[in-house]
Amino acid sequence: EAFLWTRPRGMKGLGALSDEPFSSTAWDVSRGGAVIVGHSHTSAGRQAFLWQQGRGIRGLGYLPRHDRSVAYSTSDNGKVVVGLSSSSEATLAFRWTEATGMASLGDLPGGRTSSAALAVSADGRVVVGRASSARGQEAFRWTSGGGMIGLGDLAEGEFYSAAFGVSANGQYVVGAARSAKGVEAFVWSPANGMTPLGDLADGDFASTAYAVSSTGQVVVGQASGPDGAEAFVWRGARMQSLQALVRQQAEFQDWDLEAARDISADGKTIVGVGRNPAGEPAAWLLQMPEPS
């Protein structure tokens, strides 16, 4: 069951669209926690949902001729929702509002009708994700004025990129692309294009960025370290293991921080998933000090 956690009330279940099967997953929350989006299973398949304080959970439906959907992200005010809608023949990124309902964002030129919207800016005007293009899977940035634009990939690797996060102002996009070294996290901006972020030392080369601060100066995600998957923070043009930073404090030495999934606009609060000292899967929240 999807949940909302607040301090000091703790965890609250959000319900599901169907009692049989009873299943729901939350993917994003609006500023202030009034709206949560995700997907819930029904007898027909999984369907995107929107949960509102005081109104509960409701399904957002599907694009025409589709029978599955997932909502991955919402704007700060909860009035714009993005995700994917699919059938056995096609998968399409969507943008939903109360006024327009679910609208397709299309695909990149030369693609094979496969796209997914994975994140939206704070004001709902910029959407990012992945789509099929003539070159292969490609990260995209969508605006109402410019439509869907491919962001390319990193140099020298087999063509591949995907965007998983966007800054609050829509100016910075993060994700993963294939470079000569392997799959590598990136940050993209209109001024600088796609910049590789590297990887952690002493592990297999693999990193993915999931979220970025409003200034583009702090990025978080998952990278390969000496013990496997580790959450990372990139700041000051340097990637650091969040797990190694946290383990400098005795009370957290037995925690495994496996992935950082989101960051606040000011770059100081990070949330993610990992394992607690008992080895159980657990969510975590981390307040970051200044870079010094």
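## Surface and overall form

The structure is a predicted model, in which local features need pLDDT of at least 70 and side-chain atom pairs count only at pLDDT 80 or more, while totals for chains, interfaces and linings use all residues. Residues are numbered from 1 along each chain as its sequence is written, and side-chain values use heavy atoms, with hydrogens and water left out.

Taken along the principal axes, the C-alpha atoms of the protein chain fill a box of roughly 50 × 45 × 30 Å. The radius of gyration, taken over C-alpha atoms, is compared with a globule rule of 2.2 Å times the number of residues to the power 0.38. Because a compact globule of 292 residues would have a value near 19 Å, the 19 Å of the protein chain agrees with that rule.

## Helix, strands and burial

The protein chain has 1 helix and 25 strands, where helices (H or I, at least four residues) and strands (E, at least two) are DSSP runs numbered from the N terminus. Buried residues make up 50% of the 292 residues; buried means under 20% relative accessible area, exposed over 50%, and partly exposed in between, with a 1.4 Å probe and protein chains only.

## The nonpolar cores

A nonpolar core is a set of buried Ala, Val, Leu, Ile, Met, Phe, Trp, Tyr and Cys residues joined through side-chain atoms within 4.5 Å. Of the 14 residues in the largest such core, V220, L242, A260, I270 and W284 touch the most other members. The elements that give two or more residues to this core include helix 1 (242-246) and strand 23 (256-263), and strand 23 supplies the largest share, 3 residues. Apart from this core lies another, of 13 residues, among them A119, A163, V173 and F186.

## A closer look at A211

A211 lies in strand 19 (residues 207-212), and it counts as buried because its relative accessibility is 4%. Contact means heavy atoms within 4.5 Å, and, not counting residues up to four places away in sequence, A211 touches V174, V218, V219, V220, R261, D262 and I263. A211 and V174 are 37 residues apart in sequence, yet 6.3 Å apart in space, C-alpha to C-alpha.
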